[in-house]
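Reader: I would like to learn how to read salt bridges in a protein model. Could you take me through them slowly?

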Amino acid sequence: MGFNSVYTTMPGSLPVNAEACWPKDVGIVALEIYFPSQYVDQTELEKFDGVDAGKYTIGLGQSRMGFCSDREDINSLCLTVVQKLMERHSLSYNCIGRLEVGTETIIDKSKSVKTVLMQLFEESGNTDVEGIDTTNACYGGTAALFNAINWVESSSWDGRYALVVAGDIAVYATGNARPTGGAGAVAMLVGPNAPLIFERGLRGTHMQHAYDFYKPDMVSEYPVVDGKLSIQCYLSALDHCYSVYRKKICAQWQKEGIDKDFTLNDFGFIIFHSPYCKLVQKSVARLLLNDFLNDQTPTKENGIYSGLEAFCDVKLEDTYFDRDVEKAFMKASAELFNQKTKASLLVSNQNGNMYTPSVYGCLASLLSQYSPQQLAGQRIGVFSYGSGFAATLYSIKLSQDATPGSSLDKVTASLSDLKARLDSRKRISPEVFAENMMLRQETHHLSNYIPKSSVDDLYEGTWYLVRVDEKHRRTYARRPIMSDGPLEAGVDVHLGLAHGHIPSPAKKVPRIPMKTDSEAVAVSVSNGEH
């Protein structure tokens, strides 16, 4: 019996024998990314900061950095990316049964971003939506995604999609860390029969206590960062996660009669949480070092390990800052990096570190630059890291079906405009960027505040902060699409829908009717009563 044929009733009315029809190919069905419409050029920032040429562009591997004015906050970023995903795929809000947000950008110590997003569901009448916010530095998005996958694969699943949102604004005080900032949000629709399938049982996780990066000051957006320790924790977590992942996949292979070691070559692609692009390049080299030390071949003089014989006896824990090891393995892994990882760094290089969405921006970048035929059947390794620290290496298997109109074809088509969107942003001078950072610093957590920045440069369809009242309650509006003007707060929410292609996994979920461009309107919502 096919999966879809089981669900002939509304969610919550699953047949008694539903367990016999375990959902197949659970994973990411659709993906949407949002980043600010403005950026600062890293070459210009080097000059402005008075540092050596190439410190940010070559040393960090960063070209541009997106940033938010005081018109955008974590709520507005998430409102924007959720509505854009729902509109692009003509999804009814009724077909969402779980919504979870991963973020470390905290503007309220009690009220979740998820509850703010529920305003988008009001017209549908759907309030039966599980999930809440999840926080641990840059790992929160992955934790939320795992929760969604686990929900769909559990007895709690009611047949509807899960929606996962990862969003953050990464800002730093003036100094060496500031050029590693960024901002953005990613929304992912999770369900069965997905083109991006999560491989069951293949997660290598490592969690440990460390003060490498943390935010103890509740009235500041800025973190406390131990840069050297942070790099060590990241690389150490990568070593541990890769070791656990290899053991798990080899155990699966042995059950299938496959007797071989897992190496980097068994990933079609591998993507990483990207604080800055150069660290990702070093991480590919790090995994090759792991493969090298794990290789039981008596001689390593040929192939990719040629010239590395001098490092046979090194210990991983002694090599985090060993320049000789780093240089040798970066050279040896250069082709692997170009083949398996480089394309995934488009958003990271052009927009910076988005924190929780970072690795999923890498996923979007990868999907946007390859055809369905090039992607079909490939295994993508995904390394997610959050300071403090928490990390997982897991894998996604791409659907074999790359035919026109297939789910994989639709995902890649929906992201095909990614580079054009990055190129359409407005370049802002470092002087104006610094003014924006100072404005955010001075107005962070103010009450009775009306943002000063213009909304004219925001993308059409972007949600923005209208005001913060005397009780810190925030009101938002959406920049109109085309020539429609904004409506007053409190009006009914009308959501314009684009041409869609994703059905609900539950057959009889009501759908919001399509609207033409001329019917699209801007609306206002808030995060509390007025």
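Author: Side chains of opposite charge can pair when their charged atoms come close. In this predicted model, the side chains of K426 and D457 form a salt bridge at 3.2 Å, N to O, where the term means a side-chain nitrogen of Lys or Arg within 4 Å of a carboxyl oxygen of Asp or Glu. K426 sits in strand β14 (residues 426-428), while D457 lies in the loop between α15 (430-443) and β15 (463-468), 31 residues apart; helices (H or I, at least four residues) and strands (E, at least two) are DSSP runs, numbered from the N terminus.

Reader: Is K426 buried or exposed, or partly exposed?

Author: K426 is partly exposed at 43% relative accessibility, and D457 is partly exposed as well, at 40%; buried means under 20% relative accessible area, exposed over 50%, and partly exposed in between (1.4 Å probe, protein chains only).

Reader: Which parts does the salt bridge of R421 and E32 tie together?

Author: The side chains of R421 and E32 meet at 3.7 Å, N to O. R421 belongs to helix α14 (residues 418-423) and E32 to strand β1 (residues 27-34), so this pair ties together parts that are 389 residues apart in sequence. R421 is buried at 17% relative accessibility, and E32 is buried at 2%.

Reader: How many salt bridges does the rule give?

Author: The count is 21 salt bridges, and those that share partners join E32, R88, D417 and R421 into one network. Residues are numbered from 1 along each chain as its sequence is written. Local features need pLDDT of at least 70, side-chain atom pairs count only at pLDDT 80 or more, totals for chains, interfaces and linings use all residues, and side-chain values use heavy atoms, with hydrogens and water left out.
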